[in-house]
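Biologist: I am new to this structure and would like to go through its side-chain contacts with you, one question at a time.

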Amino acid sequence: MSANNLPPASTVVGMLKDNGFNSVRLYAPDSDALAALGGTGISVIVGAPNYVLPDLATSASAAAAWVRANIEAHSSVSFRYLSVGNEVAGSDTQYLVPAMENVYGALAVAGLGNTIKVTTAISQATIAVHIPPSSGDFADGDKPFLLPVLQFLQRTGAPLLANLYPYFVYTYSPPGTMDISFPLFTAPGTVVQDGEYGYQNMFDASVDAVHAAVDRLLGASGCVGVVVSETGWPSAGGEAASVENARTYNQNLVSHVGKGTPRRPWKVETYLFSMFNENLKEAGVEQNWGLFYPSTDRVYPINYGTK
C-alpha cells in the first residue's frame, strides 16, 4: 500500500480475522504479510506487480524463480489467484499474456497449477459501455490486448478480475444525468430496464456489462467468470466523497453481493478497496478509500455480516 504509517502485518491480519474477512488481496508479494497470513485459512489474491512483467514475459526461468520466491516459499498461505499485473495499459500490455503463460507454466511445474488460478485485473476504463448492461463492450483500443487475455482465461478456467467503481461512473457522468441513489444502492425502484431485467443499482449494471463485454469479445457466452477485485467509495477528498456515502455504499454492497445480479442471481465474489487510508497517494479521493485509519480505528461502522 502507498502509506508509511500502517500497522505491522501481524496486526492487520488480526484485524482481518476479528472482522470476519476470509479473503484478501495483496498487490505485491509482501513477505511480512504473507508470513502473517500463513496458516490462517484466509484466501489470498497475490499480485505480480506491473514492473516485473517484462522479466516474467521474456524468461521462463525468471517466472520460475519468481514463483519459487513468492509462492512456493509460503506454502502455508491459501493462495487463490495470482494476478499478473494490475490495470496494465499502454505498451506494457505486450508483456501481459506471455507473462501469464510463463507464470502458469511455473505453477504447473511446482504442482500448483490446479490450486492457484493465473489471471489479471482490468481497469474500469477498459469498459466503454455500461448502460444498458446487455450492450456492455470493451473500448476499441483495448480489445486487441484483451482478446488473448480472455482466450488464456477461457483455456485455463480462470476468472477475469475487474476493478469496478460506481463512484467514478457517477462522478464522471454529466451533471444531472444520474441520481446518486443509483450508485449508492438506495434507489427505490428500477432505474435501468434492460429487456426483461431491471437494475436498481450501478454495481449490478457494471458487473453484467463486464460479462456482456467478455462474451461479445470472445463470441461465446459464459466462458469466463468475473471477480470484482476492487470496489469502494471514498470518505473524503472529492465530489460526493463523504463518510456517510462511503458507509452507505460499502454496507449496502456487503449486504447485496450474496444475491447476485439480475442476469446472474448468485454470489458475486467481491473485494472491498481498501483496508486503510493511504497517505502517500495523490491528495484527494485517492487517499481516502480506507475502511480503517492507520491507527486501526474504523473510518465508519460497518457490519460485514459475520458478527
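**Charged pairs and aromatic rings**

Modeller: Let us begin with Arg 247, which counts as partly exposed at 25% relative accessibility; please keep in mind that this is a predicted model.

Biologist: Which residue does the side chain of Arg 247 meet in a salt bridge, and how many residues apart are the two in helix H9?

Modeller: The side chain of Arg 247 meets that of Glu 244, with a nitrogen-to-oxygen distance of 3.0 Å, and Glu 244 counts as partly exposed at 47% relative accessibility. Both belong to helix H9, residues 243-256, where about one helical turn separates them because they are three residues apart.

Biologist: Is Glu 230 buried or exposed, and with which residue does Glu 230 form a salt bridge?

Modeller: Glu 230 has a relative accessible area of 7%, which means that Glu 230 is buried. Its salt bridge has its closest N and O atoms 3.6 Å apart, and the partner is Arg 25. This pair links distant parts of the chain, 205 residues apart, with Glu 230 in strand S10 (residues 226-231) and the partner in strand S1 (residues 23-26).

Biologist: Which residues are linked with Asp 137 in a network of salt bridges?

Modeller: Asp 137, which counts as buried at 19% relative accessibility, forms a salt bridge with Lys 143, their closest N and O atoms being 3.3 Å apart. Lys 143 is partly exposed, because its relative accessible area is 21% and buried requires a value under 20%. The network joins Asp 137 with Asp 140 and Lys 143.

Biologist: How many aromatic pairs does a search of the whole structure find, and what is the angle between the planes of Tyr 165 and Phe 168?

Modeller: The search of the whole structure finds 16 aromatic pairs. Among them is the edge-to-face pair of Tyr 165 and Phe 168, with ring centres 5.7 Å apart and an angle between the planes of 65 degrees.

Biologist: Why is the pair of Tyr 167 and Trp 289 edge-to-face, and which parts of the chain does the pair link?

Modeller: The ring centres of Tyr 167 and Trp 289 lie 5.8 Å apart and their planes are at 90 degrees, so the pair is edge-to-face, the cut-off for that class being over 60 degrees. Although the two residues are 122 residues apart, the pair links Tyr 167 in helix H7 (residues 166-172) with Trp 289 in the segment after strand S11 (270-272).

How values were computed:
Residues are numbered from 1 along each chain as its sequence is written. This is a predicted model: local features need pLDDT of at least 70, side-chain atom pairs count only at pLDDT 80 or more; totals for chains, interfaces and linings use all residues. Side-chain values use heavy atoms; hydrogens and water are left out. A salt bridge is a side-chain nitrogen of Lys or Arg within 4 Å of a carboxyl oxygen of Asp or Glu. Helices (H or I, at least four residues) and strands (E, at least two) are DSSP runs, numbered from the N terminus. Buried means under 20% relative accessible area, exposed over 50%, partly exposed in between (1.4 Å probe, protein chains only). Rings of Phe, Tyr and Trp (its six-membered ring) pair if their centres lie within 6.5 Å; planes under 30 degrees apart count as stacked, over 60 as edge-to-face and the rest as tilted.
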